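Biologist: I would like to learn how to read a model of this kind, going feature by feature. Could we look at it together?

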Amino acid sequence: MQNRRTFIRQSALAAGSLLLGAQAGAAELLVDARSRQLTILHTNDTHSRIDPFPMDGSRNEGQGGVAARAAMINQIRSEAEHVLLLDAGDIFQGTPYFNIYKGEPEVKAMARMGYDACTIGNHDFDGGVDNLALQMKQHGGFSTIVSNYDFAGTAMESVAVPYRIIKKGGLKVGILGVGIELDGLVPANLYGTTRYLDPIQKANEVAGILHAKGCDLVICLSHLGYKYAGNKVSDQQLARETENINLIISGHTHTFLDKPDVLQNKKGQDVVVNQVGWAGLQLGRLDYDFNRQKGQRLISANPLTVTKKTHE
Amino acid sequence: MIFSKYINLLLLLTLSLASCHRAMHPAKLAYHDYKIDAAAPRDSAMMRMLLPYRDSVDKSMNEVLGIAAATLEKKQPSGSLGNFMADAVLDMAAKQFKMPVDFAIINYGGIRSLQLAKGEVTRGKVFELMPFDNLLVLQKLSGDQVQQLFDYLAARGGWPIAGASFVIKNKQATDVLVGGKPLDKNKTYTLANSDYVANGGDDASFLKPIPQINSGYLIRDALLTYIRNLQQQGKPIAEITENRIRNAE
């Protein structure tokens, strides 16, 4: 693995090569000495994939598995100082581990990997809302963030939070979460009296709170889905119809993106959207550099650099 | 356009002067896409923590039930994996409820494996294919309701089906055959369905008012028994590539 310094140099070179020399020079000069770095690692739709896919000749044989993910995360933590580890939901369902243990090893493994927060996917209700609360309470220890489910009167009421602010490396990071419409997707007996609220409206409201509280970065964990053919609410709408959200960690549609999308919000500011497929086959890593310079559009000023990695 | 951006900038500057917080701003972003491949090193502490779970999962899930003659694929509008599952549900529904069943459907999104690999089929593989505790239920549909159901399947790109066939044209079902015969609007048909879809899941709310015959029989148990039955008869799981639902030319 390349170390942080060469990585930054390469990023700067890649950015510079895509800009006019003069602009790149100006950008370099403007970089505040008191800059900050933050590494965001993310997964989505891991679906109880505790073990790697079996060696049976099928498409993903040998890939994934929490032990390999844990080793990769440990490696990254040894190089990057300030790391946030996030998940966009559907932790449960998909292998016999869930049928037998109802989410216990999945949540335990996430706690051990040091996840900071997750949001809730539709399949996280598959053992019922009481089971979800039980697993998170007994084995979690990380935040379950969802801003648009009203859990009043359910066991999740004391577990889920609408947002959380995490201080990391001198930065204030605000995290909110949005979940998908449950009616017609999840059997009603599983989600109980959980009420689904308009995700765009709630995301906007909560992102506004986080902005007002002085967050340097606002992240939305979303299980709405990356994109749909129809007009079903997706992360495309979430990005375009809100403000104050910098990054959307996407889930639900099992979409493998070659690189994160950069969309513009209501105010024309950049919103980065990324999703890493499903089953823990990939781990996304976003390295942010922060400074005090205001008003620039992140991506148009410094094009996103993209690298593909396996392991060492 | 450019002008309005400057206005926004000015506004932002004014607002930031009014606030005492000196926020940092994302200035640069790099993305790494880590693939977790078969050769990736594994964390031994994690392996140890998971060991007791793995041992008991393996004990109950490694039992070999049958053999797949070929790798079956999940595909729309029709595919070999869906054909196999729909055939299994149709066959087992008739046995379980001891009555003739005209056709069966499987919710495409409810098939949770993209493939069933050629070779030994374990209990665990069937759990991964159908992890949900969905029940096999029967519903009696009028000819019109069958047409409505098939239009719904057509609009969704085709779901696995057994005992019936149709062509998708302009997102609707045409040339509908049930049991090899054209749809009869005056007939009542028996459908083998999952309780999830019958209860209006996947936005199939039109099925919700139709009564269900339910004996608490899991679809996964139907699949497990069907595969065991084939094995006892000395038959493998065959690859059936028949296009029961196809798109119009």
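Biologist: Which feature does UniProt place at residues 74–206 of chain B?

Modeller: Before answering, please keep in mind that this is a predicted model. The UniProt record, an unreviewed entry, gives residues 74–206 of chain B as "domain: 5'-Nucleotidase C-terminal". In the model this span is 32% helix and 31% strand, and its end C-alpha atoms are 26 Å apart.

Biologist: What does UniProt place at residues 38–255 of chain A?

Modeller: Here the record, again an unreviewed entry, gives "domain: Calcineurin-like phosphoesterase". Those residues are 30% helix and 21% strand, with 25 Å between the end C-alpha atoms. Chain A as a whole has ten helices and 15 strands, and 58% of its 312 residues are buried. Of the contacts in chain A with a separation of 6 or more, 77% are between residues 24 or more positions apart.

Biologist: How should I read a nonpolar core, and which residues touch the most other members of the largest one?

Modeller: The general idea is that in soluble globular proteins nonpolar side chains tend to be buried together. In this structure the largest nonpolar core has 115 residues, and those that touch the most other members are Phe103(B), Leu149(B), Phe150(B) and Phe166(B). The most is given to this core by helix H3 of chain B, residues 80–97, which supplies ten residues. There is also a second, separate core of 25 residues, with Leu84(A), Leu247(A), Val276(A) and Leu286(A) among them.

Biologist: Is Ile161(B) buried or exposed?

Modeller: Ile161(B) counts as buried because its relative accessibility is 1%, and a residue is called buried when that value is under 20%. Ile161(B) sits in strand S8 of chain B, residues 161–162. If we set aside neighbours within four places in sequence, the contacts of Ile161(B) include Asn83(B), Ala86(B), Phe150(B) and Phe166(B). Counted in the same way, Phe166(B) has contacts that include Ile161(B), Phe150(B), Ala173(B) and Arg244(B).

Biologist: Which residues are joined by a cis peptide bond?

Modeller: The bond between Gln76(B) and Pro77(B) is cis, with omega about 0 degrees. Pro77(B) lies in the loop between strand S3 (72–73) and H3 of chain B.

Biologist: Where does Asp90(A) lie?

Modeller: Asp90(A) is in the loop of chain A between strand S2 (83–87) and helix H4 (96–101). Although Asp90(A) is not a glycine, its phi is positive, about 65 degrees, and Asp90(A) is buried, with a relative accessible area of 1%. Lys102(A), also not a glycine, has a positive phi near 60 degrees and lies in the loop between H4 and helix H5 (104–113) of chain A. Lys102(A) is partly exposed, with a relative accessible area of 32%.

Notes
Residues are numbered from 1 along each chain as its sequence is written. Chains are lettered from A and ligands numbered from 1 in the order in which they are written. This is a predicted model: local features need pLDDT of at least 70, side-chain atom pairs count only at pLDDT 80 or more; totals for chains, interfaces and linings use all residues. Side-chain values use heavy atoms; hydrogens and water are left out. A nonpolar core is a set of buried Ala, Val, Leu, Ile, Met, Phe, Trp, Tyr and Cys residues joined through side-chain atoms within 4.5 Å. Buried means under 20% relative accessible area, exposed over 50%, partly exposed in between (1.4 Å probe, protein chains only). Helices (H or I, at least four residues) and strands (E, at least two) are DSSP runs, numbered from the N terminus. Contact means heavy atoms within 4.5 Å. UniProt positions are given in the numbering used here, feature names are shortened, and annotations may be inferred rather than shown by experiment.
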